[in-house]
Amino acid sequence: MPPALHDPANLARAFAPIVGEANLRPPSGAELRCAKLMVAPSSADEIAEVVRGCESDRITLAPIGAGRTLAEIRSAPADIGISLARMNRIVAYEPDDMTIVAEAGATLAELDAAMAAHGQWLPIDPPRPELTAMGAMVAGARFGPSRLSEGTARDLLIGVRFAGHGGRLVHGGGRVVKNVAGYDLMKVMTGSFGTLGIITETTFRVRPRAARRLVATMRFSDAASSFRAARTLHDAVPLTHLEVASPPVAAALGLAEEFTLIAGCGGSPVEADYLRARIPEILGANCAIAGGAEADAFHHRLRDFDFAASSAELLAATAPAELPALLAEVGGAWLAFAGSGVARIFLNLRAAGGLDRMVGALRTRARDARGHVRVSRIIPELRGGIEIFDRPAAPAMNLMRRMKTAFDPSGVFNPGCFVGGL
Amino acid sequence: MASSGNSALDSAAVAELRAIVGDDAIVSRPTELKVYECDGWTIEKSAPELLLRPRSAAEISAVLKVLHRREIPFVPRGAGTGLSGGCLPVGAPVMICTSRMNRILAIDYASRRVEVESGVVNLHVTNAVRERGFFYAPDPSSQMACTIGGNIAENSGGPHTLKYGVTTNHVLGLEIVLPDGEIAELGGPAEERLGYDLAGAIVGAEGTAGIVTRAILKLTREPEERRTLLAIFAGVGAATRTVSAIISAGVIPGAIEMMDRLIIEAVEDAFHAGLPRDAGAVLIIELDGIAAALDAQAAEVAELARAAGAREVRLARDESERAALWKARKRAFGAVGRLAPNYATQDGVVPRTRLPEILREIAAIAERYSLKIGNVFHAGDGNIHPIVLYDERDADETRRAIEAGREILRACVAMGGSLTGEHGIGVEKMAEMPLIFSPDDLIVMSELRRVFDPEQRANPNKVIPAPGSCVEVAAPRRQVVL
Ligand SMILES: Cc1cc2nc3c(=O)[nH]c(=O)nc-3n(C[C@H](O)[C@H](O)[C@H](O)COP(=O)(O)OP(=O)(O)OC[C@H]3O[C@@H](n4cnc5c(N)ncnc54)[C@H](O)[C@@H]3O)c2cc1C
């Protein structure tokens with residue numbers, strides 16, 4: 001099919017025989033920015049057949065969970081969006097082995113509900129677990145505050161299945177928590193944003209849930225003192241998460257409008273009691289510590305935090321010690337994962353030129369600190385020519401191009417929106 | 001293809017390489033090269049034709065450009081402690097050893113990062129930061145000798161990876177010299193990756209992507225305190241059931257290691273470590289974290305062990321008792337050397353609830369093959385290390401040792417496990433790869449490898465069996481029959 005014929009009606013005719021008419025639909029909401037037609041296969045084999053059809057007719061395809069990621073990074077819709085909504089089974093959960101296998105369309109909320117009775121969870125806490133499908137979480141490298149103690153998808157994913165070029169159904173890893181057989185395809189797929197294949201199944205190691213959760217908060221008059229206190233606390237006691245919020249973000253989280261240190265910790269009742277007594281000794285008496293339902297509710301607010309008033313959100317990453325200096329350039333609204341060297345920066349610039357300059361300045365600064373800045377959300381009016389990803393140095397970029405060609409020789413997997421235009 | 005044969009390593013090539021690294025960094029005399037004929041997988045042997053010991057990434061880059069132009073394959077080597085024949089030259093005449101690249105380049109406590117050259121010995125990283133209350137978490141039992149480059153190539157683990165993760169969880173960035181001589185910096189001190197996780201793909205690639213020259217690693221804060229328990233059992237069944245009981249109770253110890261009777265006796269003969277000679281198995285269980293909670297936790301774990309059948313649970317009373325336990329564990333492989341002229345350390349994984357079953361299976365296999373097999377391993381991860389004793393002068397026993405090892409791996413796979421938890425595929429397990437990976441999986445993995453090494457000259461004939469080839473372990477010389 002030549003590109004001119006890639007209109008939704010023709011696409012529907014091409015894929016109806018594979019997935020059935022009933023499993024095709026027009027995109028809606030965020031999906032409108034991702035794809036022209038939504039195709040919902042019911043199995044990896046169907047996906048493989050769709051992939052082969054796409055490759056032979058040069059139809060571009062993009063895997064879509066809730067559409068949150070691709071709606072931001074695609075400047076034009078792909079031909080078809082692969083919805084994993086029908087592939088949402090939990091394939092196996094072994095509480096005593098602490099592993100779980102789920103199809104790519106299962107959501108984090110569904111997994112955690114299945115594990116709750118055994119006091120376990122998959123300790124990745126990106127915003128809105130009920131919207132977070134496993135495939136999208138892995139491919140989009142989504143994370144939350146608990147990355148400090150538990151790591152991210154790249155640390156917890158122990159097995160992956162995906163449909164690759166030629167419709168090959170490929171797997172890497174397995175179902176055991178320690179495994180070095182073969183190349184690490186889990187790392188390859190994590191953060192690949194759908195550009196190398198369609199993830200169909202994921203296997204994770206899971207963790208016990210802490211019996212008690214505490215959240216400590218403390219106000220500061222400036223950013224530098226909050227980061228200093230964060231480091232002191234981090235060096236003194238084991239923490240599960242550690243943030244510094246700028247005043248507007250603190251206010252939006254329901255705290256006083258000041259620079260605020262937020263520290264999560266927990267464990268057994270004995271550990272929680274100890275931490276509750278110990279943290280004020282380190283930070284000073286005017287820190288506030290919440291436990292129980294209050295702490296859980298705050299963790300959810302922090303996890304789901306979204307600064308609706310902003311026109312764009314950036315994700316900055318540097319070595320942790322470099323982050324305060326980078327954020328000093330921004331002013332305004334940001335939420336820093338202080339122990340991880342990652343910050344969500346919320347900008348409210350309404351003119352494209354101003355935004356471009358700001359992103360450029362931050363990128364220069366971040367590169368000097370061997371870090372980088374990504375645009376993770378942006379209002380459509382400003383999407384224009386903004387580069388979503390920073391540019392890797394030439395030798396790394398060459399390898400990435402080779403990686404893309406090796407995994408996607410026909411260039412159909414979510415092309416044109418990843419680093420360097422891959 | 002023979003192990004070295006038809007290479008273009010003529011005197012002109014050697015002269016070119018000599019000019020780059022200097023006389024003192026080149027070894028070409030066969031008697032001296034014999035030292036490099038194997039790693040810890042001693043069943044197969046094959047010395048390189050030339051050994052280079054460069055001092056920098058720039059030298060390695062110049063060397064690889066020469067080898068690339070002359071189409072000469074090479075094999076990287078760290079300390080040679082690998083256990084799967086990873087640095088055995090198979091069709092690679094030149095060995096490049098990183099032992100001179102052993103500087104710790106920068107320590108950033110505020111960011112918890114350390115930047116090292118790849119030839120740095122694992123334990124030296126921890127030694128450099130311990131005083132400030134930090135450590136480098138992956139702690140292979142060989143950590144006194146093995147290098148960070150070798151750890152990266154194998155994605156090594158160790159006793160404490162149960163709680164703290166394996167090498168890949170601690171490598172943020174690396175510098176690699178690609179087989180064409182280009183130097184690439186991948187990842188960096190930031191946790192978030194920009195673009196594909198190339199550094200993540202290279203960790204565990206067993207030296208087939210190029211030569212890693214530098215790495216940025218994460219440092220971990222020392223726990224406040226530790227409690228180290230020795231749980232003593234009549235047999236391995238009760239010991240392995242204890243492992244599941246502890247994990248099911250929601251306790252994640254820093255480490256749970258197991259030793260069976262054969263190993264206990266070997267350790268006692270060699271070091272008089274104070275382990276009970278009449279025990280069928282012991283577990284070393286280490287808890288770490290907030291001091292205030294540890295005594296209660298240790299009591300809980302001791303109770304779980306007793307309930308599962310431990311006849312006694314001892315608590316190390318001080319640092320010297322703790323050190324003695326760990327010394328016994330970490331030197332166990334060495335102690336085994338006294339039991340037989342040779343031994344092969346296997347490395348398989350099962351879901352940890354299947355440990356009792358796999359140990360029964362191993363005992364049955366030992367009996368079937370008339371071999372002695374000891375077990376000392378990372379029980380908390382389900383990562384078994386059966387140690388098969390044999391005498392390489394006895395061809396039949398050697399053959400039985402290899403066959404028994406393979407049968408153990410097949411049993412692991414049948415229980416939903418894997419061929420290797422931390423030692424790598426190397427040459428040892430290539431033939432078993434199709435047990436867990438389909439032809440399509442292997443094709444895609446070779447494509448990934450060729451992203452870094454299109455001509456497959458970095459550590460050739462490893463990890464992935466050539467399609468349609470029949471790989472035959474013909475100890476002590478490897479034949480790759482194409
Ligand atoms: C007594 C003993 C105990 C052990 N205990 C453990 C354990 O607890 N956990 C564990 O995981 N392993 C263990 N091992 C295995 C071994 O120590 C590890 O695999 C270790 O990481 C190998 O490091 P090395 O420097 O000796 O590498 P080598 O053996 O020299 O090489 C291993 C592989 O790495 C490649 N390589 C080396 N350096 C580089 C580089 N700079 N760039 C690219 N490739 C490179 C080689 O080509 C080879 O494929 C043990 C081994 C022994 C002998």
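**Figure 1. Chain A as a whole.** The secondary structure of chain A comes to 16 helices and 19 strands. Helices (H or I, at least four residues) and strands (E, at least two) are DSSP runs, numbered from the N terminus. The model is predicted: local features need pLDDT of at least 70, side-chain atom pairs count only at pLDDT 80 or more, and totals for chains, interfaces and linings use all residues. Residues are numbered from 1 along each chain as its sequence is written, chains are lettered from A and ligands numbered from 1 in the order in which they are written, and side-chain values use heavy atoms, without hydrogens and water.

Along the principal axes, the C-alpha atoms of chain A fill a box of roughly 70 × 55 × 40 Å. The radius of gyration of chain A is 22 Å, which agrees with the value near 22 Å for a compact globule of 422 residues. This radius is taken over C-alpha atoms, and the globule rule is 2.2 Å times the number of residues to the power 0.38. Of the 422 residues, 62% count as buried. Buried means under 20% relative accessible area, exposed over 50%, and partly exposed in between (1.4 Å probe, protein chains only). Among contacts in chain A between residues at least 6 apart in sequence, 69% join residues at least 24 apart; contact means heavy atoms within 4.5 Å.

Figure 2. Strand β20(B) spans residues 386-390, and five of its five residues are buried. B:Pro386, B:Val388 and B:Tyr390 point one way. B:Ile387 and B:Leu389 point the other way. In a regular strand the side chains alternate between the two faces of the sheet.

Strand β16 (residues 342-345) of chain B runs antiparallel to β20(B), joined by four bridges. Here B:Tyr343 stands opposite B:Leu389. Strand β18 (residues 373-378) of chain B is also antiparallel to β20(B), with three bridges. B:Ile373 stands opposite B:Val388. Two strands pair if DSSP finds at least two bridges between them.

**Figure 3. Salt bridge A:Asp296 to A:Arg213.** The closest N and O atoms of this pair are 3.1 Å apart. A:Asp296 lies in helix α12 (residues 292-303) and A:Arg213 in strand β12 (residues 212-220) of chain A, so the pair ties together parts 83 residues apart in sequence. A:Asp296 is partly exposed, at 34% relative accessibility. A:Arg213 is buried, at 19%. A salt bridge is a side-chain nitrogen of Lys or Arg within 4 Å of a carboxyl oxygen of Asp or Glu.

**Figure 4. Salt bridge A:Glu258 to A:Arg219.** In this salt bridge, the closest N and O atoms are 3.1 Å apart. A:Glu258 sits in the loop between α10 (247-252) and β14 (259-267) of chain A, and A:Arg219 in strand β12, 39 residues apart. A:Glu258 counts as partly exposed, at 27% relative accessibility.

**Figure 5. Salt bridge B:Glu286 to B:Arg226.** The closest N and O atoms are 3.6 Å apart. B:Glu286 belongs to strand β14 (residues 281-289) and B:Arg226 to strand β12 (residues 225-233) of chain B, 60 residues apart. B:Glu286 is buried, with a relative accessible area of 0%. B:Arg226 is partly exposed, at 25%.

**Figure 6. A salt-bridge network with residues of chains A and B.** A:Arg370, B:Glu115, B:Glu175, B:Glu185 and B:Arg214 are linked in a network of salt bridges. Over all chains, a search of the whole structure finds 69 salt bridges.
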